[in-house]
Amino acid sequence: MNGKDTTTSVSNIIQDIKENGDKAVFKCLKKFDGIDLSKEGYRVSQKAIGAAVKSVSPDLKKAIKASYANVLAFHKQENLRIKKSWKISKKGSVAGQFYNPVGSVGVYVPGGRFSYPSSVLMSVLPAAAAGVKRIIIATPPKKMSSEVLFAAKLCGVKEIYRIGGAAAIAAMAYGTEKLKKVDMIVGPGNAYVNEAKRQVFGQVGIDSLAGPSEVAIIADKNVPVDYAVNDIMAQIEHDPMAKAYLFCESKEKTEKIKKALPKEAFKQLKIEVCALAKAMDKANDIAPEHLELLVKNPAALIKKVKNAGAVFAGYQTPTASGDYWAGPSHVLPTAGSARFSSGLSVMSFLKRTSYVEMKKNNKQAYKEIADFAGAEGLEFHKKSAETRVKANYK
């Protein structure tokens with residue numbers, strides 16, 4: 001299906017759900033997932049969540065819990081550092097800012113080729129740290145894994161819905177009889193999910209329109225070949241659209257890396273031999289989602305990073321460390337959007353409100369306001385300022 005067909009198909013789904021609510025949701029579930037949930041409903045029961053949790057292996061539970069602790073600690077610290085109200089005072093007025101979290105957030109957790117409990121942690125926990133009161137999850141019914149349900153329960157998510165694709169985005173954006181609408185939707189997905197997020201933006205906030213995952217790797221002459229090879233292949237295995245770039249200062253090392261890679265990797269990989277400084281310039285032009293600095297002295301290059309979703313510094317730091325364990329959310333800008341945007345964080349879920357308080361008898365300020373308004377031809381803006389000068393209210 002081409003882009004125009006996708007747009008039309010998604011638009012029809014959204015309109016149907018806006019007009020018909022759950023009836024339309026059930027129709028989509030039957031049509032696209034081959035499942036009839038009209039009798040039992042599409043909300044996952046606590047009993048089903050409990051059963052799923054029991055089926056997750058102890059080792060995986062331990063790994064998910066470790067990731068949970070690291071991600072939550074990181075975003076709690078972020079919250080403490082940025083969520084601060086402030087004011088400045090000058091003669092006759094006070095101005096400042098304060099913050100409030102978004103009221104409710106819907107997290108889309110894709111099914112696709114793999115199970116993604118990491119997407120739960122990386123999307124839910126920044127919102128939770130920001131103070132969002134209601135966080136819900138929608139995930140395709142056929143690909144709903146026990147690991148995803150375990151991660152959701154660990155994060156304190158009480159509402160989980162078995163809906164996938166554009167229908168999930170529409171239901172969360174506009175609400176149905178059984179699903180109360182949210183204020184913001186986050187999470188990656190396929191072309192239909194992306195298009196649905198684009199179409200509902202404005203009705204709700206969204207995190208971004210995610211493109212294929214990408215990594216740029218800058219490597220020096222001493223980079224271990226197996227490190228570079230495995231990091232490239234880790235990127236490529238995301239999906240057939242994923243991209244990898246390798247910039248290595250050593251022609252000899254580059255040839256060794258090439259020989260160690262399977263032929264099919266080169267469909268998604270670009271390799272260039274160049275000096276580290278030039279490599280950094282090229283990486284900034286690409287503005288990659290992930291930037292790996294597989295060099296002995298990453299600090300020197302970090303100072304030159306201008307555009308990247310996340311930086312992984314040194315031989316011992318693969319992108320996978322950020323995907324699963326380190327702390328910052330792995331939901332990052334793609335397709336060059338790191339030039340103007342950032343990864344998901346506490347800041348993504350905070351609304352900044354300006355505060356202004358004018359003091360009495362601030363005649364000079366009101367005169368300047370009135371002059372400005374008058375110059376723009378806004379008569380009542382001018383009068384609203386002039387009134388304050390003439391009035392004698394307490």
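Biologist: What does Phe349 touch, and what makes it a contact?
Modeller: A contact needs heavy atoms within 4.5 Å. Not counting residues up to four places away in sequence, Phe349 touches Asn100, Pro101, Val102, Val105, Ser123, Pro126, Ala127, Ala130, Val132, Met184, Val186 and Leu344.

Biologist: How do you know which local features to report?
Modeller: This is a predicted model, where local features need pLDDT of at least 70 and side-chain atom pairs count only at pLDDT 80 or more, while totals for chains, interfaces and linings use all residues. Residues are numbered from 1 along each chain as its sequence is written, and side-chain values use heavy atoms, with hydrogens and water left out.

Biologist: Why is the set around Val120, Ile137 and Phe349 called a nonpolar core?
Modeller: The term covers buried Ala, Val, Leu, Ile, Met, Phe, Trp, Tyr and Cys residues joined through side-chain atoms within 4.5 Å. The largest such core has 38 residues, and those three touch the most other members. At least two residues each come from α3 (46-55), α4 (58-82), β3 (104-108), α5 (117-130), β4 (134-139), α6 (146-154) and β6 (184-186). Helix α5 gives the largest share, eight residues. Another core, of 31 residues, lies apart from it; Ile17, Leu29, Ile169 and Ala170 are among its members. Nonpolar side chains tend to be buried together in soluble globular proteins.

Biologist: Why is Val44 called buried?
Modeller: Buried means under 20% relative accessible area, exposed over 50%, and partly exposed in between (1.4 Å probe, protein chains only). Val44 has 4%, so it is buried.

Biologist: Where is Val44, and what is it in contact with?
Modeller: Val44 sits in the loop between α2 (22-33) and α3. Leaving aside neighbours within four places in sequence, its contacts are Ile49, Met144, Leu149, Ile160 and Arg162.

Biologist: What makes β11 a strand?
Modeller: Strands are DSSP runs of E, at least two residues long; helices are runs of H or I, at least four, and both are numbered from the N terminus. Strand β11 covers residues 290-294, so it passes that length. The chain comes to 15 helices and 13 strands.

Biologist: How do you know that β11 is mostly covered?
Modeller: Five of its five residues are buried. His290, Glu292 and Leu294 point one way, Leu291 and Leu293 the other. In a regular strand, side chains alternate between the two faces of the sheet.

Biologist: What makes β8 and β11 a pair?
Modeller: Two strands pair if DSSP finds at least two bridges between them. Strand β8 (residues 214-219) and β11 share five, so they pair, in the parallel sense. Ala219 stands opposite Leu294 in β11. Strand β12 (residues 310-313) runs parallel to β11, joined by four bridges. There, Phe312 is the bridge partner of Glu292.

Biologist: Why are β5 and β7 said to stand at the edges?
Modeller: Five strands form an open sheet, in parallel pairing, in the order β5-β4-β3-β6-β7. β5 (159-162) and β7 (205-206) each have a single partner strand, so one side of each is left without a neighbour in the sheet. The partner of β5 is β4, over four parallel bridges.

Biologist: How many residues does the chain have, and what share counts as buried?
Modeller: The chain has 394 residues, and 46% count as buried.
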